Amino acid sequence: MKSLMTYIQQHLSLRLGLLILLVVGGVFCVSLSILFYESKQQTRKEAVLHATQALDETVLHISAIMDQTEKATAEMESVIQRHLQPDSLLAYTRRMLEQHPDILGFTIAMKPDYFPQYGHSFSAYSLRQGDSITTVIEQHKYYEQEWFKNPWEKKRAIWMEPYIDDAPGILTSSEYNYSYVKPLYDPNGEPVGVLCTDLLLKWLSQAVTTVAAYPNSSAIMLGHDGRYIVHPDTDKLVRETIFSDPDPQALNDVIVLGHSMLEGQSGIWQMIVDGNPAHIFYRPLERTGWSIAIVCPDSDVFSGYNRLLYTVWAIISLSLIILLIICYQIIRRAIAPLNQLAISAQRIADGHFDETLPYSNRQDTVGQLQNSFVVMQQSLADHVSKIQQINTEMEQQNQALQHAYHMAREAEERKTAFVQDMAHQIRTPLNIINGFTQVLSDINEDIPEHELADITSRMKSSAKAISHITRLLIASSNGDKQQATKQTTVGCNALCREVAATITLRNPDRVRIVVESDVPDTFMIHTDKNALLFILNELLDNANKFTQEGHITIGCQHPNADTVVFSVSDTGSGIPETERSHIFNQFTKLNTFSEGIGLGLPLCQHTARLLGGSITLDETYANGSRFIITLPTNL
């Protein structure tokens, strides 16, 4: 202790800090005592308002359940009045449960001897049992039970208190339920029976407990005689009243509260519940005569206040310690720049050259040292930044060179593949033509007519393949010089049929051509017919190439006044998802061994643009491939 006092006496900053702490702490204590008293009063007012709102929400929730039940019963009553037949009544009780899943059971109980063919009594009843509904005819003495006699004698609708209908030999629920009962009248206004809508008591308890004012709050509901309709302890439901075995510490309070609730009063009551102080908020349910209350433990009501109290005291304690430290550090501020210089020097040694110190306004030696260090640090940071910039530029140049190298290499590979493919594509039909030419020159007279026709057809097909490749090469060589200048008026349907007629199917036994159009034969567009024929012929040729069975469809649509859409779809092998982004690149082929030179789709896309439109692959089509050509009508 002596050494501590000596240390305090030797440090003026610490002595001043302790003096300030003593003065400020005394002022804080007095001010906060007044503040906490007022806060507690305000907290209680807010708690009362909050709990009252929760109670109102609970009452509204219960009222909504009752309103829904009364409305459903009234709607069913209007239907039943028009069809007072035994079979219809059975169907209506079942329909009531099917349309309203929150209803446990529904009864249409007719007055005695209303249906003499069924005996003295007739009651149609449906009960929900799990996921199923059971419908029966009951002929017991239900007219002697309270749920029938009360509405029949009072001639008005009534909410019955919870009960278990344990009459022997009838269909009943094993759980407590409460009921809405009302007299049933025929179209002439004569009473003919009673409607009884049953709701499960535990559903009401769940509805009440869903609206919680506080985490540990609970709700109770009392019937006319004080029995619990809703209670956190389900064993007390219906079996006990609010006056049964109360807490000895709260005996008088419980009796007063119980009588107040049974008399239909509203209010707030403070008492001991389960050994802990609590606030109880209660009010009546007007239409039933029941009363509902919310029990809110004081530990919940004032939890926010208590947390605030603990938090504030913790903050005050921490603040006083911080205040003492600040007062002590103010004196040491004179040598703070030296500490900053040491830290910055270490950061520079670690390789962080871009973290600079601010200039100092001090005129002493420490200030001059700090400013000189800042200048040195900025110069070093500038040199390092330039070196980093040079490295970044060199890295970008290297990446550009690598990209150019890869592009050149890819172009070289594509050129080599194109040349090889061209040689293969042209050599095959030329070999066919040369071979058949030799055959014709050697044994022309010995060849049967049908074989000669087959040879001629194959030679024409080979010549057509060479011609097609040549056209693609010429069109590709023209590039941007190609123009669509021969504008004519073209019939869309006629054009589709013309294109479909020119194709020769590779598998005519398994593949067919279909023309589908949403436009009339008189619908015309103004475009370059030959260019459009080129696009459609190329797409049909590709579809024919890759379709082994099914159908190839060419279609035409007119979605709006300025646009016409052609489509070519097939049921072939389709285009893999990984290749769809490359199909419009020149010299791109999905299958190296397939026919073609990889120029068809790029030229189709280029030609469509010349016509003012576009061509796209429909990626949503899953049965093969579908290409969409969108063109302006220009009419």
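Ile242 counts as buried because its relative accessibility is 6%, where buried means under 20% relative accessible area, exposed over 50% and partly exposed in between (1.4 Å probe, protein chains only). This is a predicted model, in which local features need pLDDT of at least 70, side-chain atom pairs count only at pLDDT 80 or more, and totals for chains, interfaces and linings use all residues. Residues are numbered from 1 along each chain as its sequence is written, and side-chain values use heavy atoms, with hydrogens and water left out.

Ile242 lies in the loop between β8 (228-230) and α6 (251-262); helices (H or I, at least four residues) and strands (E, at least two) are DSSP runs numbered from the N terminus. Beyond its neighbours within four places in sequence, Ile242 is in contact (heavy atoms within 4.5 Å) with Leu222, Gly226, Tyr228, Val254, Gly258 and Met261. Between the C-alpha atoms of Ile242 and His259, 17 residues apart along the chain, the separation is 9.4 Å.

A nonpolar core is a set of buried Ala, Val, Leu, Ile, Met, Phe, Trp, Tyr and Cys residues joined through side-chain atoms within 4.5 Å. The largest such core has 51 residues, of which Ile80, Leu89, Ile108, Met110, Leu204 and Met221 touch the most other members. Helix α2 (residues 12-80) supplies the largest share of this core, twelve residues. A second, separate core of 37 residues includes Cys492, Leu539, Ala543 and Ile615.

Leu204, leaving aside its neighbours within four places in sequence, is in contact with Ile62, Tyr178, Met221, Ile229, Val230 and Trp290.
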